[in-house]
Amino acid sequence: MSLPQSRHPLRDLRVRLRHAGRICVFSGAGMSAESGIPTFRDAQTGLWARFDPMQLASAEGFRADPAQVWDWYAMRREGVRQAQPNAGHVALAAYARRHPGRLRIVTQNVDDLHQRAGCAEVIRLHGDILADRWLDPCAHAGAADAPVCEVDPAAPDARPPRCRHCGNLLRPAVVWFGENLPYDALTAAEAAVSEADVLLVVGTSGSVWPAAGLVARARHAGAHVVIINPQATEIDEEAHLVLSATAARMLPRLFDPL
Ligand code: APR
């Protein structure tokens, strides 16, 4: 059964947002596309069109060729550092400042553009590309007086750096294929979407789970679900409204004061 469409969907949505107690934005790679960071699944420019995700975004791929994966992340990190928040990030941050406590952001993005625009509290489901963590638990863990992993000071620029004590490797602090989402972030995200009166799903293909399941969760909990994306997504049927538009164009129209 299709819902009757409003003749003024944008105006109605602005009114709905004005009266919403809680708004949640669930963002994906398209949120940062207009900042110059490539998406993953775009047929022409997407990261996975040019590279094999299993080679570059899995623990197996990293163990097979740590230097190749480290270099690929170094390239992406440089792209993130060079990028600037776009008008969509800025509109959300400005709205959050004007209405403390009303807007929550859950992102699949590993860049920090929401934060650099001024949104302090962002729930990050897939980690932080600018941070590192150790690949394995420390080989000495549990032993009395065991050293904790430390980057070898003799080779701080190794690709990747290693632990001076046990040879453990540093890796990017992102969630790779086959890995669990951070428990705290997933729990916080589930609460944020469940409590939202309006969920705006911005720039995600909706094809990666369990993140994509947050949209159905929000809808079942009673949220009004709106998708903002210039292309069709795998979760369009979950939405009450689909706005075919880009993040940087649509979010200022929704959130900037008249
Ligand atoms: N504004 C809004 N949406 C856009 C824009 C834009 N300017 N440009 C592209 N899009 C949309 C595309 O139409 C597509 O639906 O962004 C979406 C990007 O989809 P994906 O590349 O699949 O990215 P995402 O949904 O974030 O992927 C989820 O998959 O590989 C993993 O960990 C990675 O976090 C990522 C996850």
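Predicted model: local features only at pLDDT ≥ 70, side-chain atom pairs only at ≥ 80, totals over all residues.
A polar contact is a pair of N or O atoms within 3.5 Å.

## The ligand and its surroundings

A backbone N or O atom of Gln108 lies 3.0 Å from an oxygen atom of the ligand.

| Residue | Part of the residue | Part of the ligand | Distance |
|---|---|---|---|
| Gln108 | backbone N or O atom | oxygen atom | 3.0 Å |

On its own, the ligand has 730 Å² of accessible area, and the protein covers 90% of that. There are 21 residues around the ligand, and those that come nearest are Phe40, Arg41, Thr204, Ser205 and Asn229. Sorted by class, this shell consists of 11 polar, 8 nonpolar and 2 charged residues.

## Two packed helices

Two packed helices are described by the angle between their axes and the distance between the axes. Helix 1 spans residues 9–19 and helix 10 spans residues 247–255. Their axes are 9 Å apart, and the packing angle is about 60°. Angles from 65 to 115 degrees count as roughly perpendicular and those under 35 as roughly parallel, so helix 1 and helix 10 are oblique to each other.

From helix 1, the residues in contact are Leu10, Leu13, Arg14 and Leu17. Their partners in helix 10 are Met250, Arg253, Leu254 and Phe255. This contact has 6 nonpolar and 2 charged residues, and no polar ones.

## Two cis peptide bonds

The peptide bond from Arg159 to Pro160 is cis, with omega near -10°. Pro160 sits in the loop that runs between strand 4 (127–134) and strand 5 (170–174).

Another cis peptide bond leads from Trp209 to Pro210, and its omega is near 10°. The loop holding Pro210 lies between strand 6 (198–202) and helix 9 (213–220).

Notes:
Residues numbered from 1 in each chain as written. Heavy atoms only, no water. Near = heavy atom within 4 Å. Polar contact = N/O pair within 3.5 Å; in protein donor to acceptor, adjacent residues only side chain to side chain. Areas by Shrake-Rupley, 256 points an atom, 1.4 Å probe, with all protein chains shown as cover. Nonpolar A, V, L, I, M, F, W, Y, C, P; charged D, E, K, R; others polar. Axes fitted to C-alpha atoms, helices over the stretch in contact; angles between N-to-C directions. Helix = DSSP H or I, 4+ residues; strand = E, 2+ residues; numbered from the N terminus. Parallel < 35°, antiparallel > 145°, perpendicular 65-115°, else oblique. Contact = heavy atoms within 4.5 Å.
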